[in-house]
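Morning, everyone. Please look at the structure on the screen while I talk. I'll start with charged pairs and then move on to packing and surface.

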Amino acid sequence: TGAGGAVLGRIRSVFGDGVITADGALDRSAMAGLIFSDPSARQRLEALTLPRIALEAAQEMERAGAGGVAVYDVPLLVEGQMQDLFDLVVVVEADLELRLKRLAERGMGREEALARMSSQATDDERRAVADIVLSNSGSIDQLSADVDRLWSTRIMEPGTLA
């Protein structure tokens, strides 16, 4: 549980043992079932987790130092209107049917996937805050090459973040 251990304890006290696995970790599937079916549950979870996430993000930025780079994966960036906290926003997207296929391969039914997606920002909303949009509709090798190109041409060249 590490740095998030205190938060995990609070999650357990708010949501109960049903969101904790037998080995004491967060049961992400059970938690997702709650937050995607009950907006108030999502708000309670965010109230517990967002302050810790913000603290860890600030610590990571401090470790990167002036001129350094810190990279964040922010699933609810648009929903939380956090895009202005970052110098560069990269959105990685895939075609809807491909996302549904990938989720099905991970055991999620089409209706459940569509229900979850309907509670999240739309593709257009994500694109509107993006500085760069990368496609994840091809192979992992294609996406990796696009990320490498982005890293070498936009991130690691001095003065190119702005």
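Arg 110 and Glu 97 form a salt bridge, with the closest N and O atoms 2.9 Å apart. Arg 110 sits in helix 5 and Glu 97 in helix 4, residues 96-105, so this pair ties together parts that are 13 residues apart in sequence. Arg 110 is partly exposed, at 43% relative accessibility. Glu 97 is partly exposed too, at 46%. Keep in mind that this is a predicted model.

How many salt bridges does a search of the whole structure find? The count is 13. Let me pick out some others.

Take Glu 56 and Arg 52. Their closest N and O atoms are 2.9 Å apart. Both residues lie in helix 3, four residues apart, which is about one turn of the helix. Glu 56 is partly exposed, with a relative accessible area of 32%. Arg 52 is partly exposed at 28%.

Next, helix 6, residues 123-129. Asp 124 and Arg 127 both lie there, three residues apart. Their side chains meet in a salt bridge at 2.7 Å, N to O. Asp 124 is exposed, at 56%. Arg 127 is partly exposed, at 35%.

There is also a network. Salt bridges link Glu 79, Arg 99, Asp 123 and Arg 126.

Now the packing. Which residues of helix 2 are buried? Met 31, Ala 32 and Ile 35, in a helix that runs over residues 28-35. They cover an arc of only 100 degrees around the axis, and that puts them on the same side of helix 2. Their cover includes helix 1 (5-15), helix 3 (39-64) and helix 5 (110-118). Look at the start of helix 2 as well. A side-chain oxygen of Asp 27 comes within 3.2 Å of the backbone nitrogen of Ser 29.

Back to helix 3, for Thr 49. Is Thr 49 buried or exposed? Buried, with a relative accessible area of 17%. Leaving aside residues up to four places away in sequence, Thr 49 touches Val 7 and Ile 11.

Val 69, Val 71 and Trp 151 make a nonpolar patch of about 260 Å². Trp 151 belongs to helix 7, residues 140-155. Its relative accessibility is 34%, so Trp 151 counts as partly exposed.

One backbone point to finish. Gln 81 has a positive phi of about 50 degrees, although it is not a glycine. Gln 81 lies in the loop between helix 3 and strand 1 (90-93). At 65% relative accessibility, Gln 81 counts as exposed.

Note on methods
Residues numbered from 1 in each chain as written. Predicted model: local features only at pLDDT ≥ 70, side-chain atom pairs only at ≥ 80, totals over all residues. Heavy atoms only, no water. Buried < 20%, exposed > 50% of the residue type's maximum accessible area, 1.4 Å probe, protein only. Helix = DSSP H or I, 4+ residues; strand = E, 2+ residues; numbered from the N terminus. Arc of directions from axis to C-beta. Contact = heavy atoms within 4.5 Å. Polar contact = N/O pair within 3.5 Å; in protein donor to acceptor, adjacent residues only side chain to side chain. Patch = residues over 30% accessible without salt bridge, like charges linked within 9 Å, V, L, I, M, F, W, Y side chains within 5 Å. Areas by Shrake-Rupley, 256 points an atom, 1.4 Å probe, with all protein chains shown as cover. Salt bridge = Lys/Arg side-chain N within 4 Å of Asp/Glu carboxyl O.
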